[in-house]
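These are my notebook entries on one structure, written down in the order in which I looked things up. I began with the pockets and then turned to charged side chains and the backbone.

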Amino acid sequence: GDAVDCNCKDYGNGKYKLDYTGPEKGGDYQVRVTLGGDDVVNSPFDISVASSSASAERSRATGSGLESVVAGETAEFVVELVDKFGNRVPTGGVSVRANTSGPRT
């Protein structure tokens, strides 16, 4: 996969702190940690990259309820939440609302 840059802080006592920015695409990845080109114990490490928070600019609403409805009846549509990188947001708990305005003449 693509290599990422790590920031490394030497504590001066044989320990180092490394940090990196996660990939933009959600999914399962591996982090390989090496010393002098050789893997440290248990490397590579399996990690899961989750989607970030939902983005209104990337999320989509679809369905017949966005096209027409019979007066007094229920209309339906679906909103698919997507983060700013295009990853589907698989969890709920987000405030999604809709309202009507009109009638337009």
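**Pockets**

I first sorted the lining of the second largest pocket by class and found five nonpolar, five polar and one charged residues, where Ala, Val, Leu, Ile, Met, Phe, Trp, Tyr, Cys and Pro count as nonpolar, Asp, Glu, Lys and Arg as charged, and the others, Gly among them, as polar. I note that the model is predicted, that local features need pLDDT of at least 70 and side-chain atom pairs pLDDT 80 or more, and that totals for chains, interfaces and linings use all residues. Residues are numbered from 1 along each chain as its sequence is written, and side-chain values use heavy atoms, with hydrogens and water left out.

The volume of this second largest pocket is about 300 Å³, and its lining includes Gly 65, Leu 66, Phe 77 and Asn 99. A pocket here is an open set of points on a 1 Å grid over the protein atoms alone, where a 1.4 Å probe fits, with protein on both sides within 12 Å along at least five of seven lines; lining residues have an atom within 4 Å of a point. Grid points are joined across faces, edges and corners, and the volume is the space filled by probe spheres set on the points.

I then looked up the largest pocket, which holds about 700 Å³ of space. Of its 22 lining residues, Val 4, Cys 6, Val 31, Arg 32 and Val 33 are the closest to its centre. Strand 2 (16-19), strand 3 (27-31) and strand 4 (34-35) each supply at least two residues of this lining, strands being DSSP runs of E with at least two residues, numbered from the N terminus. By class the lining has 15 nonpolar, four polar and three charged residues.

**Charged side chains**

How many salt bridges does the structure hold? I found two, a salt bridge being a side-chain nitrogen of Lys or Arg within 4 Å of a carboxyl oxygen of Asp or Glu. In one of them the side chains of Asp 39 and Arg 32 meet at 2.8 Å, N to O. Asp 39 counts as partly exposed because its relative accessibility is 37%, whereas Arg 32, at 52%, counts as exposed; buried means under 20% relative accessible area, exposed over 50%, and partly exposed in between, with a 1.4 Å probe and protein chains only.

Glu 80 forms a salt bridge with Arg 60, with the closest N and O atoms 3.7 Å apart. This pair links distant parts of the chain, since Glu 80 is in strand 8 and Arg 60 in strand 7 (residues 60-62), 20 residues apart.

I also checked Asp 83, in the segment after strand 8 (78-80). Asp 83 is buried yet has no salt bridge, and the nearest side chain of opposite charge, Arg 58, is 6.4 Å away. The side chain of Asp 83 does reach the backbone nitrogen of Phe 85, at 2.9 Å.

**Backbone**

Asn 42 is found in the loop between strand 5 and strand 6, and its phi is near 75°, a positive value in a residue other than glycine. The bond from Gly 102 to Pro 103 is cis, with omega near 5°, and Pro 103 lies in the segment after strand 8.

Technical notes. Helices (H or I, at least four residues) and strands (E, at least two) are DSSP runs, numbered from the N terminus. Lys and Arg count as positive and Asp and Glu as negative; His and the chain ends are not counted. A polar contact is a pair of N or O atoms within 3.5 Å; within protein, one must be able to donate a hydrogen and the other to accept it, and residues adjacent in sequence count only if both atoms are side-chain atoms.
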